[in-house]
Amino acid sequence: MFVVLDTSMKAKNIAVIGSGITGLSAAFYLKRSGHSVKVFDKNSHTGGVIQSIQKNGFTYETGPSTGVISKPEVTELFEDLGKQDLLETAPSLAGNRYIWKNGKLHVIPSGPIGGLKTPLFSWKDKFGILLEPFRPKGTDPEENLSSFVRRRLGDSILDYTVDPFISGVYAGSPDVTIPKYALPKLYNLEQNYGSLIRGSIHKMKEPKSERDKKATKKTFSAKGGLSTLVEALAKAIGAENFVLNANLYVKPENGSYKVVDNGNEYGPFDSVVLTSGASHVFDILPFAKGKGFDSASEVLYAKVAEVAVGFNKWEGFPLDGFGALIPSKEHKKILGVLFMSSLFQGRAPEGGAMLATFLGGLRHPEYVDLPDEAIKEMVSKEVKEVLSIPHFTPDLFEISRHEEAIPQYDLSTPKRISAYAGIEKAFPGILMGGNGIGGIGMADRIKQGRDLAERLA
Ligand SMILES: Cc1cc2nc3c(=O)[nH]c(=O)nc-3n(C[C@H](O)[C@H](O)[C@H](O)COP(=O)(O)OP(=O)(O)OC[C@H]3O[C@@H](n4cnc5c(N)ncnc54)[C@H](O)[C@@H]3O)c2cc1C
């Protein structure tokens with residue numbers, strides 16, 4: 001239940017640093033509960049990495065492409081904004097997810113018969129899965145995902161499902177990902193039920209509250225691209241409450257905080273909510289540096305080049321699914337390709353296609369720095385092969401490079417979590433958020449933004 005101030009509660013003056021989806025969600029709920037907010041961002045636009053662009057009849061994203069309604073807070077954000085009509089969910093074909101193996105695309109099986117027939121997994125692992133409920137529980141909370149999956153499910157499931165999934169979501173590697181921090185639900189299935197299969201069955205049988213039912217696991221975007229959600233949030237917060245192009249730091253003063261930006265002082269603020277990402281913490285809070293919390297800014301980022309490729313007329317592989325992911329064992333240069341025009345309306349002209357492809361990640365960060373022509377050659381060669389098109393003559397080709405695309409939830413995560421908590425305790429009124437903790441997905445970000453607001457409300 002969201003708190004709205006009653007007349008006996010005192011409205012606070014709050015600074016939110018960062019206007020990505022986390023900062024906007026926090027500011028929206030803070031304002032809604034009666035507080036004054038000022039949102040600061042170093043960029044000239046709101047939305048952080050979210051940016052949707054319309055060009056020549058195509059709509060493409062330069063940052064996140066899709067989210068999952070894995071938490072009720074996603075549905076509720078659209079409802080609370082009064083913009084339910086903006087929420088767009090992908091059709092059921094999004095359930096088809098393709099994996100590249102031995103020169104062909106194969107659908108990830110969703111049931112036992114498909115599981116037996118698929119060439120993605122070895123016979124040993126297909127039958128071995130029957131023994132999963134009887135395998136002993138892991139005892140190392142810092143075990144990496146490769147070892148976790150090998151132990152519970154087998155090598156081929158690691159190589160042809162989990163590895164491409166981690167490339168697709170984290171641009172990472174299961175050798176680096178720690179399930180306890182990156183995939184806590186999966187980790188807890190084993191910890192609480194002793195088995196992933198037994199735990200999943202248990203979870204399916206658990207009664208769901210009306211609120212839980214708002215988490216549908218569907219793929220979502222906003223109509224016209226994710227920027228329309230960002231714009232609706234910014235409008236609800238009010239243009240007068242933003243300071244963009246900021247070059248700022250925060251200073252404590254008489255029990256509250258001031259934000260100093262390009263020589264201008266804002267405040268005093270009762271609270272400062274940080275949502276700017278882990279690597280920037282001490283640029284913003286210089287007074288907290290060297291006080292034992294330095295792990296707060298220790299974070300490994302994956303670099304990513306996202307390439308939007310549009311065709312006015314599509315004549316290749318039928319784009320009847322979410323997209324295709326490429327396992328690292330297959331030694332290709334792209335990490336995967338999303339079929340954006342199959343998921344959401346209006347992303348390409350009728351009969352055409354809008355694809356989003358990704359390069360780089362932890363395994364090949366050097367690809368991101370290649371000149372545009374070299375990236376175009378890589379994408380051309382691989383999209384032609386993977387999606388069976390004779391010629392690569394796109395009508396739209398746009399590259400977006402992200403130096404700090406995705407923070408990895410690796411062994412540094414617990415130190416970061418504890419340093420964030422230490423800063424909050426040492427400096428009352430500072431609240432620490434951002435995608436360095438609490439998950440990288442858009443649902444995680446919306447939930448964290450709202451949680452930060454609720455802590456202050
Ligand atoms: C290329 C890419 C693809 C992705 N794809 C998906 C996807 O398909 N699905 C999904 O769920 N997630 C995806 N993600 C992850 C998801 O987009 C992010 O986790 C989420 O959008 C981050 O939101 P945020 O508000 O926490 O951070 P950001 O969007 O990074 O916003 C942080 C803001 O803080 C500002 N800031 C930083 N330093 C300062 C400073 N010193 N002073 C003032 N302001 C500052 C920045 O300018 C920025 O606007 C993707 C991410 C990237 C980069």
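Reader: Hi! Which residue in β13 is the bridge partner of Asp 261?

Author: Hello! In this predicted model, Asp 261 has Asn 264 of β13 as its bridge partner.

Reader: Nice. How many bridges join β12 to β13, and how do the two strands run?

Author: There are 4 bridges between strand β12, residues 256-261, and β13, and the two run antiparallel.

Reader: What sheet do they belong to, and in what order do the strands come?

Author: They sit in an open sheet of 3 strands, ordered β11-β12-β13, with antiparallel pairing. From one strand to the next, the twist averages 25 degrees.

Reader: And why is one side of β11 and of β13 left without a neighbour in the sheet?

Author: Both β11 (248-253) and β13 (264-269) are at the edges and have a single partner strand each, so one side of each has no neighbour in the sheet.

Reader: Thanks! Switching to helices: at roughly what angle do α2 and α15 cross?

Author: Helix α2 (residues 72-80) and helix α15 (residues 442-456) cross at roughly 65 degrees, with their axes coming within 9 Å.

Reader: Left-handed or right-handed?

Author: The crossing of α2 and α15 is left-handed.

Reader: Which residues meet there?

Author: From α2 you have Glu 73, Val 74, Glu 76, Leu 77 and Asp 80, and they meet Ala 443, Ile 446, Lys 447 and Arg 450 of α15. Sorted by class, that contact has 4 nonpolar and 5 charged residues, with no polar ones.

Reader: Good to know. New topic: how many cavities of 30 Å³ or more turn up in the whole structure?

Author: The search finds 1 cavity of 30 Å³ or more. About 40 Å³ of space lies in the largest cavity.

Reader: What lines the largest cavity?

Author: Its lining is made of Tyr 60, Glu 61, Ser 65, Glu 306, Ala 308, Met 340, Met 354, Leu 355 and Ala 356. By class, that lining has 6 nonpolar, 1 polar and 2 charged residues.

Reader: Which strand gives the most to that lining?

Author: β18 does, with 3 residues. Strands β4 (58-61), β15 (301-311) and β18 (353-360) each supply at least two.

Reader: Last one: what volume does the second largest pocket have, and which residues are closest to its centre?

Author: The second largest pocket has a volume of about 280 Å³. Of its 16 lining residues, Ser 341, Ser 342, Phe 344, Gly 351 and Gly 352 are the closest to the centre. Helix α12 (residues 340-343) provides the largest share of the lining, 3 residues. The lining of the second largest pocket divides into 8 nonpolar, 6 polar and 2 charged residues.

Technical notes:
Residues are numbered from 1 along each chain as its sequence is written. This is a predicted model: local features need pLDDT of at least 70, side-chain atom pairs count only at pLDDT 80 or more; totals for chains, interfaces and linings use all residues. Side-chain values use heavy atoms; hydrogens and water are left out. On a 1 Å grid over the protein atoms alone, a cavity is a set of points where a 1.4 Å probe fits but cannot get out, and a pocket is an open set with protein on both sides within 12 Å along at least five of seven lines; lining residues have an atom within 4 Å of a point. Grid points are joined across faces, edges and corners, and a volume is the space filled by probe spheres set on the points. Ala, Val, Leu, Ile, Met, Phe, Trp, Tyr, Cys and Pro count as nonpolar, Asp, Glu, Lys and Arg as charged, and the others, Gly among them, as polar. Axes are lines fitted to C-alpha atoms, for helices over the stretch in contact, and angles run from 0 to 180 degrees between N-to-C directions. A crossing is left-handed if the near helix is turned anticlockwise from the far one by less than a right angle, and right-handed if clockwise. Contact means heavy atoms within 4.5 Å. Two strands pair if DSSP finds at least two bridges between them.
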